[in-house]
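Try each task first, then follow the solution step by step.

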Amino acid sequence: MRWSFEELRQLGFGFVSGSTNKKFKTILDNNIKKIEKQHLSEGIANSFKNGEYNTYITTDEIVLYRVYGLTPSGQAGAKQLGAFATTEFAESRIDVKMRLALNPQWKNALYIEEKIIVPKDVILNIGIVAPVKLLSGTILEGGADQVLLPENWSEDWVVGYRFVTSEPLMDYPEYTTEKPNEIRVK
């Protein structure tokens with residue numbers, strides 16, 4: 001049997017991480033204005049590549065994405081209204097783990113993504129995700145835009161949810177307004 005290029009593409013062959021996002025990534029340039037840099041704790045500052053970040057105020061609404069999920073026990077993991085978001089949607093579970101340098105020790109189940117619309121006049125700290133070294137010695141490169149959301153940001157900013165899969169996305173994902181269970185059911 002001979003496979004067509006389209007069939008191979010649908011199966012994920014030839015997929016390059018970040019290639020779909022390149023077409024749909026949120027561009028911040030005209031929607032934020034640089035302001036006096038906020039001081040962040042060393043731990044948070046070091047989550048940005050080389051500890052480098054800047055502080056901005058939104059001049060218009062911007063779209064961000066956040067991946068989260070609790071462990072099956074519900075005792076650990078990333079909760080919905082966490083601190084970090086990005087300008088890129090998750091192309092796959094592996095992609096988001098690598099691009100956002102999400103260490104498995106942090107127990108983020110990486111299976112729910114929310115689409116967030118940040119309103120005008122919100123202060124954000126923005127930089128690039130720093131690489132993370134795992135206990136095994138493996139380096140998760142990071143490299144995606146990292147956005148530190150304000151403390152106690154509003155759940156009203158969330159406009160959609162979806163489940164992140166292992167298969168790479170070839171197009172912009174579809175979101176639903178129905179909030180999924182934060183704990184993955186086995």
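**Exercise 1: The second largest pocket**

The second largest pocket is lined by 15 residues, and those nearest its centre are Ala83, Leu148, Leu149, Pro150 and Glu151. This is a predicted model, in which local features need pLDDT of at least 70 and side-chain atom pairs count only at pLDDT 80 or more, while totals for chains, interfaces and linings use all residues. Residues are numbered from 1 along each chain as its sequence is written, and side-chain values use heavy atoms, with hydrogens and water left out.

Task: Find the volume of the second largest pocket and describe its lining.

Solution. 
- Step 1: the volume is about 190 Å³. A pocket is an open set of points on a 1 Å grid over the protein atoms alone, where a 1.4 Å probe fits and protein lies on both sides within 12 Å along at least five of seven lines; lining residues have an atom within 4 Å of a point.
- Step 2: the lining of this second pocket divides into nine nonpolar, five polar and one charged residue. Ala, Val, Leu, Ile, Met, Phe, Trp, Tyr, Cys and Pro count as nonpolar, Asp, Glu, Lys and Arg as charged, and the others, Gly among them, as polar.
- Step 3: strand 7 gives the most to this lining, with three residues. Strands are DSSP runs of E with at least two residues, and helices are runs of H or I with at least four, numbered from the N terminus.

**Exercise 2: The largest pocket**

Task: Which residues are the closest to the centre of the largest pocket?

Solution. 
- Step 1: the largest pocket holds about 450 Å³ of space.
- Step 2: among its 22 lining residues, Arg66, Phe84, Leu102, Trp106 and Gln146 are the closest to the centre.
- Step 3: the largest share of the lining, three residues, comes from strand 3. The lining as a whole has 14 nonpolar, seven polar and one charged residue.

**Exercise 3: The open sheet**

Task: Why is one side of strand 1 and of strand 5 left without a neighbour in the sheet?

Solution. 
- Step 1: five strands form an open sheet in the order 1-2-7-10-5, with antiparallel pairing. Two strands pair if DSSP finds at least two bridges between them.
- Step 2: strand 1 (32–34) and strand 5 (84–85) stand at the edges with a single partner strand each, so one side of each has no neighbour in the sheet.
- Step 3: strand 1 is joined to strand 2 (residues 48–58) by three bridges. Lysine 33 has isoleucine 57 of strand 2 as its bridge partner.

**Exercise 4: The nonpolar cores**

Task: Which residues have the most contacts inside the largest nonpolar core?

Solution. 
- Step 1: this core has 22 residues, and those with the most contacts inside it are Leu64, Ile116, Val118, Leu124, Ile126 and Leu149. A nonpolar core is a set of buried Ala, Val, Leu, Ile, Met, Phe, Trp, Tyr and Cys residues joined through side-chain atoms within 4.5 Å.
- Step 2: a second, separate core of 13 residues includes Val96, Ala101, Leu102 and Val164.

Definitions and conventions
Buried means under 20% relative accessible area, exposed over 50%, partly exposed in between (1.4 Å probe, protein chains only). Grid points are joined across faces, edges and corners, and a volume is the space filled by probe spheres set on the points.
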